[in-house]
Amino acid sequence: MQPIDSLHDFFIRTGAEVRLYHLGRRVEPCPLEDLAALEAGQRPWPQPWQGKARLAMVFRVGELEDPLIWFLALPLDEQGQLDPAPRDAFLQRLLETLGRNVRGLGRGDGEQIDNLMKDNPLAFTPSMPFQALLHARASLDLGRPASQHLEPAEAYLEGQQALDWRALGLQGLADFVVRMDADQAGRLAAHLPALPGEVLTSLCYCLEHVTIAEDLAEALRARGEAAAEAGDVEAFCACVRAVAGAETRVAGAWFDALLDAPEACGPDLLAAMAGRGWRHLEDGERLPRFLTRLAEAPQADFTAVARDLALIPRLRLPVLMTLREAAPASSIGRRLAGLSR
C-alpha cells in the first residue's frame with residue numbers, strides 16, 4: 001500500500017467527493033490539480049494571501065451524509081512554494097486519528113475528522129463575508145437550494161419590494177450575487193443609487209468575489225466616487241474592491257484615474273487595489289504607478305504589500321523589475337533605501 005504523503009493523496013485515496021475554494025484574495029473555485037502541483041513542488045500557489053495558501057476544502061467521504069469543511073492556511077516560502085513541515089504534521093495527526101483504513105470511513109468518523117481542526121495551527125476562521133460567500137457558492141455548486149434569506153434580498157436589491165433593509169441578512173446578499181444573472185445585474189445597477197450606505201458596503205463585500213458586468217461596474221464607480229466626496233472611506237474602498245471584479249478595460253480605467261490623483265491614494269485604497277484588483281495590476285504602466293503611489297503613502301506598509309504582490313506568480317517578475325529599476329531619488333528608491341539602513 002502506497003503511503004499518503006499529501007492532502008491530495010488523502011482525497012484521492014479515500015475516494016472523497018471534494019471541492020476546493022480559494023479563501024485568500026477572493027472566494028472562488030480552486031482546481032484540485034492546483035493543490036497537487038503545490039504539494040509536489042511543481043509550481044507556486046496562484047493566489048497567495050499574506051504568505052499562505054488559504055483554502056476551504058468541502059468534501060464528503062465514506063458513508064458521511066453531510067459534507068465536512070476544512071479551512072486551512074498552508075504556509076508558503078518566499079517563492080510561493082509550500083513549506084511542507086506543517087502540512088506533514090497535520091497529515092500525521094489525520095492518519096493517526098483514522099488509522100490506515102482510510103477508505104472504510106463510517107458515519108461516526110465525521111466528528112473525528114472535524115475534531116482535527118481543534119488546536120490545529122493550520123486552521124483559521126474566515127471573515128463573515130467569506131463564510132457567507134463560501135456557503136452560497138458551495139450550495140450552488142452542489143446543486144443545493146439557496147438559503148431562506150435569498151428571496152427578500154432579491155426583492156429588495158432589484159427594487160421590486162420596499163423592505164426594512166436592516167432585516168436583510170449577509171447570507172441573502174451572498175446568495176444573490178452568486179446566483180445573479182444578467183437581467184438581475186441590470187436591475188441592481190438601476191437600483192444601486194437608492195441603496196443605503198450600509199447595504200451598499202455589505203453588498204460590495206459580496207460582489208468583490210464575483211465577475212460583474214459593465215453597467216453594474218459603472219454604477220458602483222458612481223457610488224464610490226460620491227462616497228469619496230462625502231468622506232466615506234469605507235464605502236469608497238468597498239466599491240473599488242467590487243469593481244475589481246469587472247473586466248480590466250472597465251476596472252483598469254478607474255484604477256488609472258485614481259492613481260492619477262495622489263490625494264486619493266491613501267493606504268485603504270491601495271490595499272483594496274492590491275487585495276482584490278491584483279489582476280488589473282498586470283500592466284506595464286499601471287503596476288509601476290501603483291508601486292509609486294504605495295511608496296508615497298507614509299501610512300502604507302510598502303514592504304508587506306509589495307512582497308505580497310511579488311508572491312503572485314504572474315506579478316513576481318514585474319514587481320521585482322520595477323523595484324530593481326527604480327531610481328535612487330524616486331519614492332520607491334527612497335523606500336528601498338530606508339529598508340537597507
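Mentor: Buried means under 20% relative accessible area. Keep in mind that this is a predicted model.

Trainee: Which residues of helix α6 are buried?

Mentor: Helix α6 covers residues 150-157. Its buried residues pack against α7 (170-179), α8 (182-191) and α9 (197-207). After α6 comes G159, with a positive phi near 70 degrees. The buried set of α6 is L150, A153, A155, Y156 and L157.

Trainee: What does L309 contact, leaving aside its neighbours within four places in sequence?

Mentor: L309 is among the residues with the most contacts inside the largest nonpolar core. Leaving those neighbours aside, its partners are R25, A274, W278, L281, F290, L315, R316 and V319.

Trainee: Are α10 and α12 roughly parallel or roughly antiparallel?

Mentor: Helix α10 spans residues 214-229 and helix α12 residues 248-259. Their axes lie 10 Å apart, at an angle of about 20 degrees. Angles under 35 degrees count as roughly parallel. The two helices, α10 and α12, are therefore roughly parallel.

Trainee: Is the crossing of α10 and α12 left-handed or right-handed, and how do the contact residues divide?

Mentor: The crossing is right-handed. On α10, the contact uses E214, A217, E218, L220, R221, G224 and E225. On α12, the contact uses R249, V250, A253, W254 and A257. The residues divide into 6 nonpolar, 1 polar and 5 charged.

Trainee: Is H22 buried or exposed?

Mentor: H22 sits in strand β1, residues 17-23. Leaving aside its neighbours within four places in sequence, H22 contacts V27, E28, P29, C30, W45, P46, Q47, R54 and L55. Its relative accessible area is 3%. The cut-off for buried is under 20%, so H22 is buried.

Trainee: Is Q50 buried or exposed?

Mentor: Q50 lies in the loop between α2 (32-39) and β3 (52-60). Q50 is not a glycine, yet has a positive phi of about 55 degrees. Its relative accessibility is 57%. Over 50% counts as exposed, so Q50 is exposed.

How values were computed: Residues numbered from 1 in each chain as written. Predicted model: local features only at pLDDT ≥ 70, side-chain atom pairs only at ≥ 80, totals over all residues. Heavy atoms only, no water. Core = buried A, V, L, I, M, F, W, Y, C linked by side-chain atoms within 4.5 Å. Buried < 20%, exposed > 50% of the residue type's maximum accessible area, 1.4 Å probe, protein only. Contact = heavy atoms within 4.5 Å. Axes fitted to C-alpha atoms, helices over the stretch in contact; angles between N-to-C directions. Helix = DSSP H or I, 4+ residues; strand = E, 2+ residues; numbered from the N terminus. Parallel < 35°, antiparallel > 145°, perpendicular 65-115°, else oblique. Left-handed = near helix turned anticlockwise from the far one by under 90°. Nonpolar A, V, L, I, M, F, W, Y, C, P; charged D, E, K, R; others polar.
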